[in-house]
Amino acid sequence: NAIHLSKDISNINGNLQISVAGSNTNDIVGSVDIADLQIKYKDVDYNFDSLYVSSAPGVDNNRNIILYSDFMSGSIDGVFDFGELVPAFKNYIYDYHPGWAYKLKINEKSEELNNAQNFRYKFAISDTKNYFELLNVKDLRVEGLDMEGSINLSQNVFDSYIKFDTSFFK
């Protein structure tokens, strides 16, 4: 629970090189380099060739997270609560895009979230395959996605540039 992993993850295997310090996902500093990662989530195996994550503090409570893997690269810079990013994004979809909320089966908002999230992000995804299921988003696949922008939840600002080649939704 301290690092906000799902209870539905039953197994994680891979070759790990870890150099981190911290007590939860909000204050971790260091890097994780993983090869041949396998995650068993809800009895489904998810395989990743490589995954590198780096987390570093900045000034004024800012943080920087960098991610590279065989299917995506990205960075997040600013003030954010990592454990609340996905629920906060789902709340945004629920409030401002009800059609997508319905398709993605986002039926309710997460309450009691810390909305002091103010950050910039940049992601490039080659192919999500079935990886969205790890975030409880079923039946969505995206190929060739480039996305960058900024989010300031306390001011309800979501500025983004999104380009993708292909998306599939069942």
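**Side-chain contacts in a predicted model**

Q: Which class does the accessibility of Lys40 fall in: buried, partly exposed or exposed?
A: Relative accessible area under 20% is buried and over 50% is exposed, with partly exposed in between (1.4 Å probe, protein chains only). Lys40 has 27% relative accessibility, so the class is partly exposed.

Q: What pLDDT do side-chain atom pairs need in order to count?
A: Residues are numbered from 1 along each chain as its sequence is written, and side-chain values use heavy atoms, with hydrogens and water left out. The model is predicted: totals for chains, interfaces and linings use all residues, local features need pLDDT of at least 70, and side-chain atom pairs count only at pLDDT 80 or more.

Q: Which residue forms a salt bridge with Lys40?
A: A salt bridge puts a side-chain nitrogen of Lys or Arg within 4 Å of a carboxyl oxygen of Asp or Glu. For Lys40 the closest N and O atoms of the pair are 3.2 Å apart.

Q: How many residues apart in sequence are the parts tied together by Lys109 and Asp95?
A: The two side chains meet in a salt bridge at 3.1 Å, N to O. Lys109 lies in the loop between H2 and S6 and Asp95 in helix H1, so the parts tied together are apart in sequence by 14 residues.

Q: Which residues are joined with Asp127 into one salt-bridge network?
A: Arg141 and Glu143 form a salt bridge, with closest N and O atoms 3.6 Å apart. Salt bridges that share partners join Asp127 to Arg141 and Glu143.

Q: How is the aromatic pair of Tyr92 and Tyr96 arranged?
A: Rings of Phe, Tyr and Trp (its six-membered ring) pair if their centres lie within 6.5 Å; planes under 30 degrees apart are stacked, over 60 edge-to-face and the rest tilted. Tyr92 and Tyr96 are four residues apart in helix H1 (residues 85–96), so about one helical turn separates them. Their ring centres are 5.0 Å apart with 40 degrees between the planes, and the pair is tilted.

Q: Which residue's backbone nitrogen does the side chain of Gln117 reach?
A: Gln117 sits in the loop between helix H2 (98–103) and strand S6 (118–127). Gln117 is buried, with a relative accessible area of 1%. At 2.9 Å, its side chain reaches the backbone nitrogen of Asp81.

Definitions and conventions
Helix = DSSP H or I, 4+ residues; strand = E, 2+ residues; numbered from the N terminus. Polar contact = N/O pair within 3.5 Å; in protein donor to acceptor, adjacent residues only side chain to side chain.
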